[in-house]
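User: I have a protein model to study. Could you take me through its side-chain contacts and its pockets?

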Amino acid sequence: MKIVVAPDSFKGSLRALQVGKIIQEALVNEIPDVQVEMNPMADGGEGTLETLVYATKGKRLSIVSSNPLKEQATTEYGVLGDGKTVVIEIAAIAGLTMVPLDKRDPLYTSTYGIGEVILKVAKDGYREFIVCLGGSSTNDGGLGMLQALGVKFLDANNKEVPPFGKSIYKVKKVNFTTLDPIIHDCRFTIASDVDSPLCGKNGATYIFGPQKGVREEHLEEYDQAMHRYASLIENHLGINAQKHPGAGAAGGLGFAFLLLNAKIESGSRIIADATNLKNKMKDADFAITGEGQSDHQTLFGKVPSFVAKLAKEEKIKTILLSGSLGKGYEGLYDHFMSCHSIATGPITLEECMNNAEVLLANEARNIARFLKEISEERARQRFQQTRMHC
């Protein structure tokens, strides 16, 4: 029996690689002759860098840059196994979890460090970038990143604005001619499953602003400031980008990368292509995937639905194993052979997250035993057919 294990992370408790290894161990322990193709997944958010580096046998490198509060900190980037493609994870440079709860306010966070990392590795000779947009603490329309890359943003007094979200209120002039020339030679592929435009009720500020600290009463004025900032840039460059699907990803970083001729693609597809997931599914019997919580939103481009779709193309049935099953999960049965939660009995979210490793191992073992029975039944049927032919 060949089984492909392709889970997302259980956010807040287990990384995708950990989830995959726990499921793999359960399968091997219960089905000794099983062939497991382990392929941890991600959609562009936290953990994408690790997943890509692991799957392509690449490497992770440390680098010092500005964190979301514009303080110097050590972070990392990845280089894929091809030796030429750099992976940058926004969550590791300007991530929400990097900002203390009492300081979460996108008016005072910055994407400056992202530009610093890009410039440093570009000067080391790299030109191909996969940028993972997810888990950001920022809502500055990419202003900080663009400043780090050389773009000038001036206020009414012709003074450069500071690289924080609040500066989009003050920008009156912009100059892209000062962009570092090396950036023109760089190619950016954006991994994101967010298709929001930059502004409006479905844009960066309204949809993602509140979770980053924007108060409800400030949403409208913040969104209007973002629109003025973006329109100023568009008029300067003679392009239209703020309505492009994905422009609103990571607080408008999607918009900023579009200005650099980036291509925004499905994070799940980028990971699947880079890790050769489709080929790994050749001749497989089952696929197992999962995430922290599966519900009606799972079918809107999240990792498990992508894996199930890919598996269906190869005529493989997919099993869903997640941290919990939320509202509307019943609709998932049309896409998965079975749906499982690691939660057992009455249990709080905190207890489930604190004991995720043990709970996952137990439920993975249950699935493994079920698959073992299927394998043995198939063997018995083949044996009977062989006897009949003899």
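User: Which ring does the charged end of Lys70 sit over, and how far is that end from the ring centre?
Analyst: This is a predicted model, where local features need pLDDT of at least 70, side-chain atom pairs count only at pLDDT 80 or more, and totals for chains, interfaces and linings use all residues. Residues are numbered from 1 along each chain as its sequence is written, and side-chain values use heavy atoms, with hydrogens and water left out. A charge sits over a ring if NZ of Lys or CZ of Arg is within 6 Å of the ring centre and within 35 degrees of the ring normal. For Lys70 the ring is that of Tyr112, and the distance to its centre is 4.4 Å.

User: How are Tyr169 and Tyr222 arranged as an aromatic pair?
Analyst: Rings of Phe, Tyr and Trp (its six-membered ring) pair if their centres lie within 6.5 Å; planes under 30 degrees apart count as stacked, over 60 as edge-to-face and the rest as tilted. The structure holds six such pairs. In this one, the centres are 5.8 Å apart and the planes make an angle of 50°, so the pair is tilted.

User: How many residues apart in sequence are the parts that Tyr169 and Tyr222 tie together?
Analyst: Helices (H or I, at least four residues) and strands (E, at least two) are DSSP runs, numbered from the N terminus. Tyr169 lies in the loop between strand E7 (152–154) and strand E8 (173–175), and Tyr222 in helix H7 (residues 219–237). The pair therefore ties together parts that are 53 residues apart in sequence.

User: Is Tyr222 buried or exposed?
Analyst: Buried means under 20% relative accessible area, exposed over 50%, partly exposed in between (1.4 Å probe, protein chains only). Tyr169 has 30%, so Tyr169 is partly exposed. Tyr222 has 2%, so Tyr222 is buried.

User: Which helices does the salt bridge of Glu313 and Lys278 tie together?
Analyst: The side chains of Glu313 and Lys278 meet at 2.9 Å, N to O. Their parts are 35 residues apart in sequence. Glu313 lies in helix H11 (residues 303–313) and Lys278 in helix H10 (residues 277–280), so the bridge ties H11 to H10.

User: How many disulfides does the structure hold?
Analyst: A disulfide is a pair of cysteine sulfur atoms within 2.5 Å. For Cys352, the nearest cysteine sulfur is that of Cys339, 16 Å away, and Cys352 is in no disulfide. A search of the whole structure gives zero.

User: Which helix gives the most to the lining of the largest pocket?
Analyst: On a 1 Å grid over the protein atoms alone, a pocket is an open set of points where a 1.4 Å probe fits, with protein on both sides within 12 Å along at least five of seven lines; lining residues have an atom within 4 Å of a point. Of the 45 lining residues, the closest to the centre are Asp8, Lys11, Asp43, Gln211 and Lys302. Helix H6 (204–212) and helix H12 (349–354) each give two or more residues. The most, four residues, come from H6.

Methods. Salt bridge = Lys/Arg side-chain N within 4 Å of Asp/Glu carboxyl O.
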